[in-house]
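Please view the sequence and the structure together before reading on.

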Amino acid sequence: MMQMFRIDSNAAHACRHHIVSSTALETLHSVHAASQQGGKQTDLKMLSGWPVNMWLWILLTFIMPLLTSAYSEKERAQELMDRFPLIDGHNDLPLKIRVYYNNRLSQIDLQKISKAATDIYRLRAGSVQTQMFAAYVPCGAQEKDAVMLTLEQIDLVRRMCNKAQDLELVTTYDDLTNSMMKQKIACLISIEGGHSIDSSLAVLRMFYELGVRSMSLTHNCNTPWAETSTDLYGVFQRENNSLTPFGKSVVEEMNRLGMIVDLSHSSWETASAALKHSRAPVIFSHSSSHSICDNKRNVPDWLLRELEQKNGLIMVNLYSKFISCGKDANISDVADHFDHIKKIIGAKSIGIGGDFDGADSFPQGLQDVSKYPALIQELLKRNWSEQDLADVLRRNFLRVFKEVENVRDNSKHLIPSEDQIPSEKVKNLCRLDRQNPILQRSISGAKFILPNLYLMSSLLLFSSIFMNK
């Protein structure tokens with residue numbers, strides 16, 4: 001029976017703490033009331049009479065926790081990112097350089113670029129150690145000069161990363177990890193949109209030789225072999241939203257080469273088909289959670305589960321339209337996407353793909369690449385472990401990149417694919433007839449020559465008749 005009346009020491013401490021707290025609060029109330037009557041002099045007189053332990057209690061109870069909490073979370077975020085600097089899955093700085101400077105690097109100081117959200121100074125400030133730069137060309141170039149424009153963007157990224165001492169072009173897992181030890185910012189090249197290869201596996205292979213290590217199957221337009229998530233362009237419409245046989249050949253060749261298959265911008269059906277067909281893990285380089293923001297560019301939970309089963313990766317996009325569905329967004333809104341995806345598939349399937357310089361609005365507090373530590377700080381506040389955040393920042397992408405290379409290494413017995421898409425599927429009037437280009441040239445020439453021969457013959461005939469008269 002005596003045990004029922006024992007008071008736990010923590011409970012006793014809590015009681016004493018409550019008594020002191022009540023006394024302190026009553027004293028503070030008295031000081032405030034007296035200050036209202038007698039002004040600052042009365043206020044100071046009463047405060048000077050407080051015992052030292054009362055001052056100590058106020059300091060420890062109210063002031064220090066606030067200062068320590070803010071300081072520790074900020075410092076923890078920065079310290080964590082110093083040890084595990086970010087690999088960012090998507091950035092459109094090359095597009096900004098084309099738009100504003102026509103790809104003339106001689107007009108740009110890469111340390112500070114006023115018309116962009118990305119430069120070397122801010123990449124350093126944001127603890128970004130690896131940046132995937134997109135070689136993007138608009139969908140309007142499909143069936144026209146998409147290949148040439150893509151080559152120009154690849155050339156731009158290569159020149160940019162060779163020009164600056166802080167940057168280094170990397171093409172392998174080992175290159176990437178070594179660049180960190182050299183304190184370099186690693187540049188990876190991705191192609192944003194399968195229309196850039198003009199439905200040619202030979203073009204895909206040549207892009208790989210130039211350093212491209214990732215390609216999204218679509219951008220905002222369908223290709224003849226894959227479907228997009230949007231309806232902005234009414235091209236290559238099909239009843240089946242999945243991959244065509246040639247689309248599967250594209251995925252197979254990317255696996256053989258060691259090029260990461262990127263499903264951002266693809267329709268859910270195309271993404272699911274690619275996930276099932278790929279022998280290597282795939283990524284969504286800049287997509288968010290459809291359950292949090294129901295934009296078709298985001299990924300639904302059922303597709304996230306398929307991604308997890310394939311050991312893939314979703315790199316969360318920060319574009320406000322995909323975070324809060326058009327409303328003004330903040331860091332907390334972004335963290336909601338991370339929390340939800342973690343709940344569905346765990347932290348080992350999550351990365352970050354900011355999409356800076358590829359969109360026009362970003363959450364308050366995350367306006368450029370220098371602000372990434374604020375996001376990590378918010379996730380620490382939400383009790384994300386440092387191990388989980390190390391995975392999100394870096395280790396998940398490294399795992400995927402390594403597994404993609406392993407599939408490549410295990411595919412050395414395979415020869416380069418010679419699959420070709422049927423000409424009637426492409427419907428590109430700018431293409432030469434590949435069946436018999438010499439005959440086509442002769443026939444097309446004849447079409448021009450023959451009418452002129454008839455005209456000349458007629459003129460000669462009329463001339464001879466006239467002369468005879």
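A polar contact is a pair of N or O atoms within 3.5 Å; within protein, one of them must be able to donate a hydrogen and the other to accept it. The model described here is predicted.

**Histidine 277**

In this model, a polar contact of 2.7 Å links the side chain of histidine 277 to that of glutamate 252. Histidine 277 belongs to helix 10, which covers residues 268–277. Apart from neighbours within four places in sequence, the residues in contact with histidine 277 are Lys248, Val251 and Glu252. Leucine 243 lies 34 residues away from histidine 277 along the chain, and their C-alpha atoms are 9.6 Å apart. Histidine 277 has a relative accessible area of 27% and therefore counts as partly exposed, because that class lies between the cut-offs of 20% and 50%.

Most residues other than glycine have a negative phi. Aspartate 198 has a positive value, near 50°, and aspartate 355 also has a positive value, near 70°. Aspartate 198 sits in the loop between strand 4 (185–192) and helix 8 (201–209). The loop that holds aspartate 355 runs between strand 9 (350–352) and helix 14 (372–381).

Is each of these residues buried or partly exposed? The table gives the class with the relative accessible area.

| Residue | Relative accessible area | Class |
|---|---|---|
| Aspartate 198 | 26% | partly exposed |
| Aspartate 355 | 5% | buried |

Aspartate 355 is classed as buried because its relative accessible area of 5% is under 20%.

Terms used
Residues are numbered from 1 along each chain as its sequence is written. This is a predicted model: local features need pLDDT of at least 70, side-chain atom pairs count only at pLDDT 80 or more; totals for chains, interfaces and linings use all residues. Side-chain values use heavy atoms; hydrogens and water are left out. Helices (H or I, at least four residues) and strands (E, at least two) are DSSP runs, numbered from the N terminus. Buried means under 20% relative accessible area, exposed over 50%, partly exposed in between (1.4 Å probe, protein chains only). Contact means heavy atoms within 4.5 Å.
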